[in-house]
Every structure is written in structure tokens, then in C-alpha cells.
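Morning, everyone. Please have a look at the structure on the screen, and then I'll walk you through it.

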Amino acid sequence: MPQRKFQAPTEYQLAARKDQIPDELLTRCPVCQQDCYTQDLTELMICPNCDYGFRLPAWQRIRQLTTTFEELDAVVTVPERFADTAYREKIKRAKATTGLNESVVTGLATLTGQSFGLGVMDAHFMMGSLGSATGEKITRLFETCTAKRLPVVMVTASGGARMQEGAAALMQMAKISSAVVQHRDAGLLYVTILTDPTTGGVTASFAMQGDVVLSEPHALIGFAGRRVIEQTIQQTPPADFQRAETLLENGWLDQIVTRPQLRLTLARLLKLTSGGPSHE
Amino acid sequence: MNKATAYQQVQAARSANKISIQELIDGLTEDFFELHGDRQRDDDPAVIAGLATIESRPITIVGIQKGQDIAANQARHFGCATPSGYRKALRVMRQAEQLHQPVLALINTPGAYPGVEAEYQGQGRAIADCLLAGQKLKVPFLSIIVGEGGSGGALALACGDQVWMFANSTYSVLSPEGYATILWKDSQRAAEAAEQMRLTPKELLADGMIERIVPEVTTAADCGELKGAVAATLKMLAAQPVATLIKARQARYRKF
């Protein structure tokens, strides 16, 4: 039998070849399941196929949305009274991975000459969970902006209230709501940008309290988790039931904005709501 | 009672013998006039709302209730309010503001209803709106956790000037079973979770999360003492100027 020049590789050979491809070369989009070259995600970190925005580190998001940014309360961190060893260990790891002291970065920002308060949550810090220090930073941001008469923009990414902090975590929802009320009563604008994932107690408080609520394509946004729904009421939710597109259709969002458009959209929105002459 | 473990406390809070919110209302008020519907399109039986008098003074009542038997429990989906239920609560809170009468919230819920329809109808937004409304309510607002105070679904109505808990009740960010499942991937360790979670009235009072623990009542006829305490507190709150009341309430939540 003549030797064939081209022979289909065996499965073993295929696996060996695949092993030689560096893992970081390809990235699979969790929404459309397509593999794409990681470099094609660009620094915006979006899927070139479906526009899904990958989870961003807080500082990367801040660079994308601001001209200048002056951080507030950078040192605020989990209070000592939460002394559980396993929890402290988790925080330590989260700090090491992200370089952050908490799951949110807050500060005063400018964008095309307009000033506003900005808070950006980071899902890489304990799933962006809402702890006491997270709540404290967001509350102070609202208080500062109420005093300085500035709009607030919150970019949310969170699994919800941080259960390790118990009722104290739950109370952050009320504490922040109180600060939102005072900001609102001062006649100021609050914009939320819901990113993947925004769930639980964060959805049930400040994420949904924006005067204008924006989201990124395909972001998961919801209150109860899929597994909780499946286990509690034996119902299998449709695949897209908590995707941004479904929420837009049901009237819970103002717009879905792709990441490359977000900076300009925010600048436009701040301009459209900057108010006429004061009537006070 | 003193030696009860945290998990026994959880079981007592969930007990089927717990006084129903309806009976509690009968015991606390003289003439209850129920109000139905969210005025959008639905009426959630898990949320009970209405007008009443307490020591002859008009108040607005809103409660989250379980059923006393299987059929009633199914109708009220086990005390898990839907978005419509929270919108009903919101509607009567605003009405109370208009009528200048205090709001009394009576809470017994494992949590907000988890379901596909509830998500479509904006469960998150419905709770978020209740939190905002509670923080700016221009009338006295007293919240009492009667049985289970489950997570955001309970907090939605627990933004009062004061929050009280029944002796056999719990208030927590999630159920001990949920806590054990997430943390240790084992819902069987709920008892251990309950010990860690600081969800009992005594622990929560010590942590400054609530103002008062009230003795358990089991029938409407038992409610005399509680009624006196509620009436006195609402009267005390009503004596304050509105601005002072709201400022004090916001300060209460600011300290967390």
C-alpha cells in the first residue's frame, strides 16, 4: 500500500496539538459560546461575535468612562468585627487578586468637561458582593455628590448581599437607599449601568433605583438566581429570562448600550440632564 | 427558651402554629378594613393590606402572610410576595402618607417569591422601590418581624423608624439552608449555619439591628400588651415633626 502523503491525525495527535496552543490564545464567549482570538477582544474586552462585554476590572472600566478620576475612600475595607477566619482568608485572597480593598471603587470623575460621582463594582472581588464597606463607600459617594450637587453614575456587577456579613450586609441595601433618596430629593440625577452579572440584593436596591437605567448587551440581571428558582418552585427558566434584552422588552431598562458606545452615551446623557438655570 | 439553639429558633419562627398575620391584626386593631390590589393589574394574596384603628387612632397596615394550611399556603405561595405584592404595599404606604396616618408592617416571609414571572414583572425593582419609599415615608413607620424575616423580601417592609421582633422569630440575609449550601455545598448543615449567622432576636438586638424583642403571642386574645406597646410607640413617633422623624429614620439606617 502506497504511503499516503496526507493522513488524518488521530485523536491522540489532535489532543497533543491542541495542548500546544497556549490557553490564553483563545477565549470562549460565555454567551454565544464561540471561540475567538483573545487579542480580538481588544482592550474593551468584548466578544467580536455577539458584543457581550466580559467582566472588567474596576480600574479598566474607570479608564474607559472618564477623562479624570479622583478616588475617594480608597482605604475603606472590611471592618475588623467580621473576624471569621475563613471569611478573612477570602478577603485576603480577593485583595491580592484585584489590588482593591473592597468590591467597589468610588470617586469624583470628569468626562468631556462634566463632573460626576462614579462608583464601579468589580466582580473579581468576592463576586462583587455587597458588604458593609461596599455599602459605606457607595453611601459616602452619594453624600459627597449631594453636597457638591453632582450626578452619580453606578456601574454594577454583583452576586448580591455578602452573606458572610449577615444582617449587616442586608442593612446596606437600606443604608444606600436612604442616601439615594436624599440625593434624589436634592433634584440630582442618578444613572445606573448594569453589567454582567447584577443580581440579588444589589438588583433589589441601588441597581434598580437609577433615574436612567442602562445595561450592556446580554448582561445577566435578576433578583433570584436560576438555581434557587429551579429548586424552590421546580420551574426551569428559559435560557434568556434574565438577559438584558429580556429586561428591556419588559420595560425595566432604558437602553442597552455596547461597550464601545458607552463613554459617548454617558457624556451625552450627562449633558441632556445638566439642567437649565436654577429656580431656587 | 434561653437555652434554645439558633436552629430551634429558626424552626419556631417557621412553625405552623405561629399566629397568622390576619389573627394578629384582629388582636391589635379594632376595625380592620382590607384593601386589595396593586392598581396595576393584580392582587397578591401573600400581602395583606388595609385600614384600621388602634386605640381609636387610624393606621395603615401592611403584612406579608403565610397560610395556616396547605391550601391557603399555596394561594399565598408560602408567604413569598410577588412584585405585585410589593406594589400593593407601596400603594398603601403612599396612601397612608396622604392620609397622615402611621404605617404598621407585620412580616412573616421566607423571602421574596423566586420565579420566572416574578423576574419578568421586576421583582428587584419592586423591592428597590419599597426601600426608597420607606426611607422617605412622611408618617410614623413601625416594622415587626413576626416569624421569618427572610432577606430583601422582608427588608422591603422592615425600613421602619423602629424594627421589633417576636421572641420566636429570625431575620437574616438568607436561609440557613441557603447559607450552608453556598458556603459548604451541604444544606444538611443548616443548624451549624444558623449558629454562625446571628439571626436570632437576641443577637440582632445586641448587634443594634432592632429596637425591641416582644413576647410571643399565639391568639388574638393575647395581643393586649403588644397592642399597648404599638399604640404608645406610634403615638410617640407621631408627636415628632415630620422632618425630625425622617431625619432620625435615615440616621438609623446610616449607622449600619
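How many residues does the contact take from chain A, and how many from chain B? Chain A gives 35 residues, and chain B gives 34 residues. Keep in mind that this is a predicted model.

Let's stay on the chain A side. Three helices each supply at least two residues to the side of chain A that touches chain B: α5 (167–185), α6 (200–203) and α7 (226–233). Which of them gives the most? That is α5(A), with 13 residues. Now sort this side of chain A by class. There are 21 nonpolar residues, 13 polar ones and one charged one.

Next, the domains of chain A. Domain 1 covers 13–54, and domain 2 covers 56–272. Taken over C-alpha atoms, their centres are 27 Å apart. The two domains do touch: nine residues of domain 1 of chain A and ten residues of domain 2 of chain A make the contact. On the domain 1 side, the classes are seven nonpolar, one polar and one charged.

Now the inside. In soluble globular proteins, nonpolar side chains tend to be buried together. Here, the largest nonpolar core has 141 residues. Which residues touch the most other members of this core? They are B:Ile107, B:Cys130 and B:Leu157. And here α5(A) comes back. The largest share of this core, eleven residues, is from that helix.

Take B:Cys130 as a close-up. Leave aside its neighbours within four places in sequence. What does B:Cys130 contact then? The list is B:Tyr86, B:Ala89, B:Leu90, B:Ala156 and B:Leu157. B:Leu157 was also among the residues that touch the most other core members.

Last stop: a helix pair in chain B. Two packed helices are described by the angle between their axes and the distance between the axes. Our pair is α8, residues 176–184, and α9, residues 190–197. Their axes come within 8 Å and cross at roughly 100 degrees. So α8(B) and α9(B) are roughly perpendicular to each other.

Which residues make the contact? From α8(B), we have B:Pro176, B:Glu177, B:Tyr179 and B:Ala180. From α9(B), we have B:Ala190, B:Glu192, B:Ala193, B:Ala194 and B:Met197. By class, that contact has seven nonpolar, no polar and two charged residues.

That's my tour. Over to you.

Conventions: Residues are numbered from 1 along each chain as its sequence is written. Chains are lettered from A and ligands numbered from 1 in the order in which they are written. This is a predicted model: local features need pLDDT of at least 70, side-chain atom pairs count only at pLDDT 80 or more; totals for chains, interfaces and linings use all residues. Two residues are in contact if their C-beta atoms, placed from the backbone, lie within 7 Å. Helices (H or I, at least four residues) and strands (E, at least two) are DSSP runs, numbered from the N terminus. Ala, Val, Leu, Ile, Met, Phe, Trp, Tyr, Cys and Pro count as nonpolar, Asp, Glu, Lys and Arg as charged, and the others, Gly among them, as polar. Domain bounds come from an automatic or database domain assignment. A nonpolar core is a set of buried Ala, Val, Leu, Ile, Met, Phe, Trp, Tyr and Cys residues joined through C-beta atoms within 7 Å. A residue is buried if 20 or more other C-beta atoms lie within 10 Å of its own, exposed if 12 or fewer, and partly exposed in between; C-beta atoms are placed from the backbone. Axes are lines fitted to C-alpha atoms, for helices over the stretch in contact, and angles run from 0 to 180 degrees between N-to-C directions. Angles under 35 degrees count as roughly parallel, over 145 as roughly antiparallel, 65 to 115 as roughly perpendicular and the rest as oblique.
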